[in-house]
Structure formats: C-alpha cells, structure tokens
Amino acid sequence: ELTQVEFEACPPADEDWSGVRVLLQSLLQGLTLDVGYLSQTIIDNYKVGTVIKGADIAEGEDDPVFALASLLPLQLYKDKAKLEQLISSLLGKCGTEELGEVEKILRSPDTALLVNAKFANLPLQITAQLYKALKMELITERKENPVYNVKHLIVVGKSYTEPDKRRKKKARLSEPSVQYQSCDLDALSEAASHKFSWRLQDETLAPVSATAANEVLQGYRSVLVLSIDTFLKRVDNILETLTEHTG
C-alpha cells in the first residue's frame, strides 16, 4: 500500500537529534566514531544544513527525519579526541597508495565533511533540493564565517557491488568494482581526487534504479575526496542529472 507523504525542509534542530543519529548510523557503518556527538555538532552548526521531515505531523506523533544534508568544517569539532577518532577510522579504510595524501587533507584546517544521508526510497526531487540549498547556504555563510572557506571535502556515500552472476567471467576473478547507490555520488566520484571503499559484513541493499527483486547486492561504503571548487561546479551537473532521472 502506497502512502502519500508531504515533506518540509528546515534547519536541523535539537528535536531532530534522534532522527539525525539514525541516518548517520546507517551512512557511517564500518567507522568507529561517536555518532551522537557528530549529530549534535551538525545541529549546533545548522546554518549550512537541512533536514527533510514530514509535514502536518500531529502533536505527539513521531516526526522522523527522512534526509539530512550538512557541510561541517572539521574545525568545528570542538572535542579534538573525537575528531581524531573519526580521522583515524577513515585512514584505517584508506589504501596505502593514497594514505599520505588523504591524511594531509583530513588533518588540514581547510577540510569539511559533507553529509548527505537519506532514506533510499526518497524522491530524487528532494535530493536535488538538498544540493541546491546546500550550495546557496555555503556561499552565503562563507561571507559571514571564515571557517566555511574550506578547500577540501570528504564525502561518505553508500555503494554496492553486483552479484557474481551479473559480472563477466573475467571480471569475477578480480576484486568487484564498487557502484554508487545514487546518481549524485556518480557525479561526485568522477571529479574526486581520491576515493576508497570498504565492504560491510552484514548489509545488502538495492540501488535507486530498478533491479530484480531476487538480487542481493553487497553493501559497501565509499569515501570521495574532492575540492570545494569542484563540488560547487558539480552541483549544477548533479541537479541536471537528478532532473533527468525524474523526468
């Protein structure tokens, strides 16, 4: 049975802490960090961030957070021990060839974490709105707050590998290539200077596009590293791509 849901966008607030935490727990699987602390830090720095919630929720009813988009400069992590935990966890997933460069970026004061966490079945129009809002909010906040004049972005996204039966025989002998769950990550991946992924032990998922109901896709998480200038230029491409997929 299909349920019609009206959505509304608003800055993250204290009342959204539990919903934000649920989304981050799903997105950041495989990493060791204090998700509750990250949730509160995102809420505290709400000027470059948006949550999507249900409209017309009656008083006393649960008001879940369906999506979250936030750009958080790592300088705003006040608890440096928790920041070090996050950085070390990310570096632990990175390959040795890129480790040195990625570590320099993660420890730079000019780096931000881009969070785009959402329910898998959320309409793509909402994803487009989140990117558009994020770009506008960032451009505005950079004029007021120098800490948002970052140079590098760290993006964590959901990804997967296809079942062996869909891969060519020769490809099955090598490590399966990771594909991204949503087309916005495809666009960012093309522009990333560094990227790495890790396999989740207990997650299977389906991409946004249609797949056979009986197919099992192995869940992964991927990190994309790109410059802020590249991201801002890519947002327009992402909006165009998302519009094509919904048209």
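Tutor: Happy to. Let's start with helix H4, residues 96-106, where the buried residues are Val102, Ile105 and Leu106. Looking down the axis of H4, these buried residues fall within an arc of 85°, so they line one face of the helix. On the face turned away from that buried side, H4 carries the exposed residues Thr96 and Lys104. Buried here means under 20% relative accessible area, exposed means over 50%, and partly exposed is in between, with a 1.4 Å probe and protein chains only. The arc is that of the directions from the helix axis to the C-beta atoms. Helices (H or I, at least four residues) and strands (E, at least two) are DSSP runs, numbered from the N terminus.

A word on the model before we go on. It is a predicted one, in which local features need pLDDT of at least 70 and side-chain atom pairs count only at pLDDT 80 or more, while totals for chains, interfaces and linings use all residues. Residues are numbered from 1 along each chain as its sequence is written, and side-chain values use heavy atoms, with hydrogens and water left out.

Now for the wider setting. The protein has eight helices and eight strands, and 47% of its 247 residues count as buried. Among contacts with a separation of 6 or more, 75% are between residues 24 or more positions apart; a contact means heavy atoms within 4.5 Å. The accessible surface comes to about 13,000 Å², and 49% of that belongs to carbon and sulfur atoms (areas come from the Shrake-Rupley method with a 1.4 Å probe; for residues, only the protein chains shown count as cover).

Helix H1, residues 17-27, also has a buried side: Gly19, Val20, Leu23, Leu24 and Leu27 are buried. Seen down the axis of H1, they fall within an arc of 130°, so they line one face of the helix. Those buried residues pack against H2, S3 and several other strands, including S2 (49-54) and S4 (111-118).

H2 brings us to another arrangement. Eight of its 10 residues are buried, so H2 is largely enclosed by the rest of the structure. They are Val35, Gly36, Tyr37, Leu38, Ser39, Thr41, Ile42 and Ile43, and what covers them includes H1, S3, H3 and S4. At its N-terminal end, H2 is capped by Asp34, with a side-chain oxygen 3.2 Å from the backbone nitrogen of Gly36.

Next, the rings. There are four aromatic pairs in the structure; rings of Phe, Tyr and Trp (its six-membered ring) pair if their centres lie within 6.5 Å, and planes under 30 degrees apart count as stacked, over 60 as edge-to-face and the rest as tilted. One of these is the tilted pair of Tyr37 and Tyr77, 5.4 Å centre to centre with 50° between the planes. Tyr37 lies in H2 (residues 35-44) and Tyr77 in the loop between S3 (65-73) and H3 (80-93), so the pair ties together parts that are 40 residues apart in sequence. Tyr77 is buried, at a relative accessible area of 1%. Another pair, Tyr131 with Phe231, is tilted too: 6.4 Å centre to centre, 45° between the planes. This pair links distant parts of the chain, since Tyr131 is in H5 (residues 124-144) and Phe231 in H8 (residues 228-246), 100 residues apart. Both Tyr131 and Phe231 are buried. Phe7, Phe66 and Phe119 form one aromatic cluster.

Tyr37 has a further neighbour: Lys82 lies over its face, 5.7 Å from the ring centre (a charge sits over a ring if NZ of Lys or CZ of Arg is within 6 Å of the ring centre and within 35 degrees of the ring normal).

Back in H5, we find Lys135, which is buried at a relative accessible area of 18%. Leaving out residues up to four places away in sequence, Lys135 touches Leu232, Val235 and Asp236. Its side chain reaches the backbone oxygen of Leu232 at 3.3 Å.

Finally, Thr50 lies in S2 and counts as buried at 8% relative accessibility. The side chains of Thr50 and Glu137 are joined by a polar contact of 3.3 Å. A polar contact is a pair of N or O atoms within 3.5 Å; within protein, one must be able to donate a hydrogen and the other to accept it, and residues adjacent in sequence count only if both atoms are side-chain atoms.
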